[in-house]
Amino acid sequence: MPRISPQPATDWSPEARAVFDSFRDAARSGVPAVPGGAAASPAGAAAAGTDDDGPSGANVFGTLARHPALAEAFLAFNGHVLYGSSLPPRVSELLILRVAALRRCGYEWAQHALRGQEVGITAEEIARVAEGPAAAGWSATDRTLLTAADELLDGAAVGATTWAALAGFLDERQLMDVVVTVGAYDLVAMMFLSFGVEPDPDIVPYLPEGW
């Protein structure tokens, strides 16, 4: 059972509805939402659960709707991480999946297993993320990215050797976005697990077994 029950979309405050309108429009356009931005879509958040472009996130939005000020700040930041990052989407999704695996956050894993496939990560690679950077089959680049995620979650810093390896194929902004992506989705995992966010029906088939 959820510790914080999602609020039905029909009960969302005007402030919450405007926040989610803005975020969902940003998700469709690829442009991060701006705090305080006006809603641009007449359907907006009321359509949560009917978006054909990816997981609905209805239970996440419904939970955040209980705290609109927090939702506005969080979704603006999360919008950058997902849609404004300097990292290629495949890189971001590998990092996020590794966070979900290490934190054993089923909701986060399922959402990004689906999104990962959409940006070109194979089903075999997605399964291998849970095994970690030592698993056979990774390229040197992917292994370095997963190692960076492990080091951040274990000790809150990328080690010197791994940082040097990252710098061999990422520029300065991308290096910063690696750290921010892992940190942001560690926070997301904490939220989902602590709030008891239940999976939406559209991601249930992607939930890992035994978590």
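Tutor: Let's start with α4, which is mostly covered: 11 of its 15 residues are buried. Keep in mind that this is a predicted model.

Student: Which residues of α4 are buried?

Tutor: Here is some background: an α-helix has 3.6 residues a turn, so residues three or four places apart point the same way. In this structure, the buried residues of α4 are V91, S92, E93, L94, L95, I96, L97, R98, V99, A100 and A101.

Student: What covers the buried residues of α4?

Tutor: The cover includes α3 (68-84), α5 (106-118) and α6 (123-129), along with α7 (140-155) and α9 (172-195).

Student: Let's turn to cavities. How many of 30 Å³ or more does the structure hold?

Tutor: A cavity is a place where a probe fits but cannot get out. The structure holds 1 cavity of 30 Å³ or more, and the volume of the largest cavity is about 30 Å³.

Student: Which residues line the largest cavity?

Tutor: Its lining consists of V60, T63, L64, M191, F192, F195 and V197. The elements giving two or more residues to that lining are α2 (58-64) and α9. By class, the lining has 6 nonpolar residues, 1 polar residue and no charged ones.

Conventions: Residues are numbered from 1 along each chain as its sequence is written. This is a predicted model: local features need pLDDT of at least 70, side-chain atom pairs count only at pLDDT 80 or more; totals for chains, interfaces and linings use all residues. Side-chain values use heavy atoms; hydrogens and water are left out. Buried means under 20% relative accessible area, exposed over 50%, partly exposed in between (1.4 Å probe, protein chains only). Helices (H or I, at least four residues) and strands (E, at least two) are DSSP runs, numbered from the N terminus. Contact means heavy atoms within 4.5 Å. On a 1 Å grid over the protein atoms alone, a cavity is a set of points where a 1.4 Å probe fits but cannot get out, and a pocket is an open set with protein on both sides within 12 Å along at least five of seven lines; lining residues have an atom within 4 Å of a point. Grid points are joined across faces, edges and corners, and a volume is the space filled by probe spheres set on the points. Ala, Val, Leu, Ile, Met, Phe, Trp, Tyr, Cys and Pro count as nonpolar, Asp, Glu, Lys and Arg as charged, and the others, Gly among them, as polar.
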